Each structure stands twice: as structure tokens, then as C-alpha cells.
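Q: I'm new to this structure, and I'd like a close look at a single part of it. Please pick a spot, take me through it slowly, and then show me the wider setting.

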Amino acid sequence: MKRMFFVIAAAALMSFNLVAQDAASVVDAAAKAMGTAGLQSIQYSGTGTMNQLGQAAQPGGPWPRFRLTKYVASHNYAVPVMRIELVRIDNERPPRGGGAGPFNPQTGQGGIRPIPGDIIQNQTVDARTENGALTLWLTPHGFLKGAAANSATAKVATSRGRRMVSFSAFGKYTVTGTINADNLVEHVETRIDNNFTGDTLVEGDYSDYRDFPSTGPGAGNGVKFPMKIVMKQSGHPTLDLTVAEVTPNSPAAQQVQANPPRGGGPGAGPAAGGPQITADKIADGVWFMTFGAPQTILVEFSDHVVLIEGPTGDERSMATIAEVRRMLPNKPIRYLVNTHHHSDHAGGIRAYVAEGIPIIAHEAQRRYYEQQIFRNPHTLNPDRLARAPKPLLLETVRDRRVLTDGTRSLELHHMRGNFHSDGLLMAYLPAEKILVQADAFAPRPGVPPLPAPSPYTINLVENIDRLKLDVERVVHVHGGSDPIATVRAAAGRTPTE
Ligand SMILES: [Zn+2]
């Protein structure tokens, strides 16, 4: 019996080794064909398009596109670290969706689309971190280096003449690369955690490989690199790059180092106990729950409160809920109003559902929320709702809904035809003559007006006029407020229009 057990165990061990060996030999053959082993660093550049995650015009639709006029990637595998320098321009006419980023007083850019001029977005990815390693492994040579480093977990499967090599990392991620008959990496994918979209598919497609001479130590016969790179997240493109130049073992890439870790000194970390929310009064019973944009806005009724916007994620939502309960302990939160589905505005709504608080959103969001946001698995980094599931209580608005307790009214209106987001809601307090808006107007203090009014702001004013709302002050979910005259002027109206 003992002997029998030994034989079975040995056979099991052997078959495991054979599988591991097989994956290793596939990775090795690809590394030889692509010149990965002698590659200490690489720099490549090109042009194309990039897309802004989380900012789709349609719920669940493609991410908004920007044209890339410069894209230079430098990978230094020795650290490992990646540096990406890019310049994008906002040349979609009309722009659809978000992606302007916060207004930057130094450059006079951002806040609202269309964004004038060059938008510079440089980024260093420290591949010694979990997310950084995954980002590097999603590149063709990075995948082969990752598979070699994690060879103990590597497995190979064959599908339609292609070998698919998978390895696991950090105890929870599976990274899979597809290697074609020429031993070239043509596709890599994995799932990463995104607090809004859950376990999220990220993938890269690599094609049109060419040969580049390499001069570094152990360079061998040169390096193969794809001239076409298409990256996707949640099935929609995030980068479509046509590569123009490739320098294997580039001295410039070898100089790229990771940023020193942030903070570290006493008091450098986030404040203990999570975000510190402060209440800033807008009007009687109306408050910004302030912690960096976008904000949550509290509207107090006689025996309950309604919150507008649940940005960011669990930590922010729970801190906001705690502060509201501290301020108004006898007034339960009856609703969380969500203006639209962009991740910066809706990233925290799952925490409200985990607290049993119903969500009000436009009906355009229903399918996306029911089929994706509240259905996607969150196994990689379970949030509060994943740890203690509760049903989604979603009430949708079509054109208009009025929340009232007889003393105060809060009107929710659909902003018809706004290109920023399908189903964009604005909130109106008729007694206070206050309008709360998200992403249809952004103040640009101290800089010249946009070359032409943003179509998003024009649309905001058109909707106010269509609905005959008597507005004195416009409150911005991204912070601050302005007299209606300022917003009308930004929409290109004269004071009498
Ligand atoms: Zn938005």
C-alpha cells in the first residue's frame, strides 16, 4: 500500500514537472526568437490614440478617445520600472464623454472638454509593486520575463495552433500569453482589481513584428518588437499605438529609475481613521461633504437626508456616511443620488448599497449597473459589498423626479443631449434657486476663456432654459459654486440672453 502510494505520488509529481517543463520550453523558445534574454532595457515610440478609462459617454461603452502626438515608453527590466511620456490632444469634435481631468491652474488645462493644447501625461510605473508588475507583464518581452521568473506556476495549453502560457503571481493573478507559430507573443491578458468594475480584464494585442539590431551584452541576433500595440480594458481600447522607433538596450531606458517611495516619514501617510470629511455649508440644510473633488452634497429634509454623488470608493463613502450620521444622528440617509456612471462620480456607490441605501440614477445607467457594476466579481480585492452582499436598490429617473417632504423640494432633471454622459442628472433646489451640476461646467479661475464655449456648458444652459428653472447659483460637484451669470457667460451668452 505504501509502495503504491509512492508510485502514484511520483507519477503525479512527474506529470506536474512535465507540464512545467513544457511551459518553460515554450517560454524559452519564444524568448530566443524574440531576443528577450539579452534585453536589459528597451525604448520605443510612436503615435496613435489613447482612451480615458472610466469616462465613457455611454454606460459600458468605449472609453473616450484622444490623439497621441507623442508616446515614448522606456522599460528598464533591471529595476524593473517603466516610464511612459505622452502628449495627447483632444481633437474629437464634438467631444463625447469625460477625460478632461481636474482643472490645472499651471497649464490652464482640464476641467472640461474640449481641452485646448497639448496635454502632457508622464508616468513612471514601479514594476516592483503588484500593479506595476502586472503592467510590465502585459508587454511582449515583459510577459516572457514574468513567465520565466514565475516558471514554477507556468502551464501551457494549446488552442487552434497557438500555445497559451499562463502563470500565477502574488497568489491571485493569472497572466496568460498567447504565443504563435513563429514563437512571438501576440496577446497577453490578465484580470486586475478595479474598485468600480471589479475583477477587470486587461489585455494587449501585439502584431507586425520586426527585427531590431541589439548591441547590448549578450544581445544575440537582435530583438523582435511589434509595430502595432492595442491595449484594452473591460473590452474597450485604452491605447492604439503604431510604433515608429525601437531601441533595444537603450541607454536612455537604462537610466529610468523608480520614484522613491512616497512619504515614509512620521505623519507622511494618510490620516489615521481614513479620510477626514468636513462639512461646508452652501445654504441652510445644504452642505458640501468636502474631501477633494468630486464632492458629495448633503441635502437635509425634515426627518431624513439625501446625498448627491458617491465618489471614489469604500473608504470615502464610509467616512462620508459616518460624518452625516454624526452631524444629523436622527436623520437616516434615504437616498444616494448618482449624477452619472463615470468612475470618479460613481466609484463609491457600491458602499452605499452595502449600507442598504437606495441609489437614484438615470434609467440609462440601469443596465450597466445591474449587468456589470453590481454583478462583476470582486474576488481580487473584495470590497464591503463583495464581503457582505446586499441587493441593489436602484430607482431610476427618466426626465424628472421630485423628492419632497412638504418643506423642501429637490428636483432631479435629466440633462437632455449632453455629450459628457448619457443619462446625466442635475439637481435643482427651487426654494434656494440652487442648481447642482456635474461635469457640464468647470470654473477656470484666472485663465482666458476657452477658444469656444464647451458644448457641455452650452447644453447645461439650454437645459436650464428648456426647463425654465429659476437658478441663481450653480453648485459644482467638482467643488465650488458660481452665479448663474458666470455659467451663462461661459456658454457664450450675453447677460440678456
Ligand atoms: Zn463625468
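A: Let's begin with a term: a polar contact is a pair of N or O atoms within 3.5 Å, where, within protein, one must be able to donate a hydrogen and the other to accept it, and residues adjacent in sequence count only if both atoms are side-chain atoms. This is a predicted model, in which local features need pLDDT of at least 70 and side-chain atom pairs pLDDT 80 or more, while totals for chains, interfaces and linings use all residues. Numbering starts from 1 along each chain, and side-chain values use heavy atoms, without hydrogens or water.

Our spot is S74, which sits in strand 2 (residues 65-76), a strand being a DSSP run of E with at least two residues, numbered from the N terminus. Its side chain makes a polar contact of 2.9 Å with the side chain of Q43. S74 is buried, at a relative accessible area of 2% (buried means under 20%, with a 1.4 Å probe and protein chains only). Leaving aside residues up to four places away in sequence, S74 touches I42, Q43, V81, M82, R83, A253 and V256; touching means heavy atoms within 4.5 Å.

Now the wider setting. The domain assignment, automatic or from a database, gives domain 1 (16-254) and domain 2 (278-490). Domain 1 brings 32 residues to their contact and domain 2 brings 41. The C-alpha centres of the two domains are 35 Å apart. Between domain 1 and domain 2 there are 20 residue pairs in polar contact, both residues at pLDDT 80 or more. On the domain 1 side, strand 9 (185-194) and strand 10 (198-212) each give two or more residues, and strand 9 has the largest share, four residues.

How values were computed:
Buried < 20%, exposed > 50% of the residue type's maximum accessible area, 1.4 Å probe, protein only.
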